[in-house]
Amino acid sequence: MDPAIIKKVKKLNRRGKLIDSASKGLDEKKELVAALMVKTGKPENEVLKAYDEFHMKHEDGFISKEEYTNSTKEFIKAKKLFRVFDEDNSETLTFFEWFQATNVKNMTTPEEKLNWIFTAFDADCGGSIDVDEIKDIVLWMFRFAGIEEDPDLIASCVIDVRATIDIDRDGDISKEEFIKNAMNSQFIADILKERKKRN
């Protein structure tokens, strides 16, 4: 079968919970730790230690916006990261979201930023992103930049980003394809330049 036709099976949703159709016989903690190792570059023992400490401190499995933003000296950055990772507007972060937000590095070049964005949004860590993940990236950029989430503008930006990045039009975008072509998208270039001005 043509690999372009085969859909990726995502094991975890964006909050780090197993997706029902993919969860048979899988250990959620093990899948979560494996995904975070790829997304953050942290070793297994460090992720497991953070997982245990987080759940001892937050028995319900969530950290509030107030607690997260007050836990750092970089209040403005923490507020932006919280807004980005709290996709469901619950005013809380799960361990999966918290660990990613906490491990965002200071990136200076567009390539570093694009590499991080790709890794963060490659939900199944499969080495490629699809149309749904492009929409997630666009929404993330809107939230990080503090742009109002107008559905028409979002749809327009998703179309622009997809057309600019997915040059071969196969529906799957590799990390190399993403990094090489992303700055050709006016939307992405504008957002990354705006972030550079603010930092």
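For my own reference, buried means under 20% relative accessible area, exposed over 50%, and partly exposed in between (1.4 Å probe, protein chains only). The model is predicted, so I note that local features need pLDDT of at least 70 and side-chain atom pairs pLDDT 80 or more, while totals for chains, interfaces and linings use all residues. Residues are numbered from 1 along each chain as its sequence is written, and side-chain values use heavy atoms, without hydrogens and water.

Next I checked the partner of glutamate 46. Its side chain meets that of lysine 42 in a salt bridge, at 3.8 Å from N to O. A salt bridge here is a side-chain nitrogen of Lys or Arg within 4 Å of a carboxyl oxygen of Asp or Glu. Lysine 42 is partly exposed at 23% relative accessibility.

I searched the whole structure and got five salt bridges.

I then turned to glutamate 53, which pairs with lysine 49 in a salt bridge at 4.0 Å, N to O. Both lie in helix 2 (residues 44–57), four residues apart, about one turn of the helix. Helices are DSSP runs of H or I with at least four residues, numbered from the N terminus. Glutamate 53 is partly exposed at 42%, and lysine 49 is exposed at 54%.

Last, I noted a salt bridge between glutamate 67 and lysine 57, with the closest N and O atoms 4.0 Å apart. Glutamate 67 sits in helix 3 (residues 65–69) and lysine 57 in helix 2, so this pair ties together parts 10 residues apart in sequence. I recorded lysine 57 as exposed, at 64% relative accessible area.

How values were computed: Helices (H or I, at least four residues) and strands (E, at least two) are DSSP runs, numbered from the N terminus.
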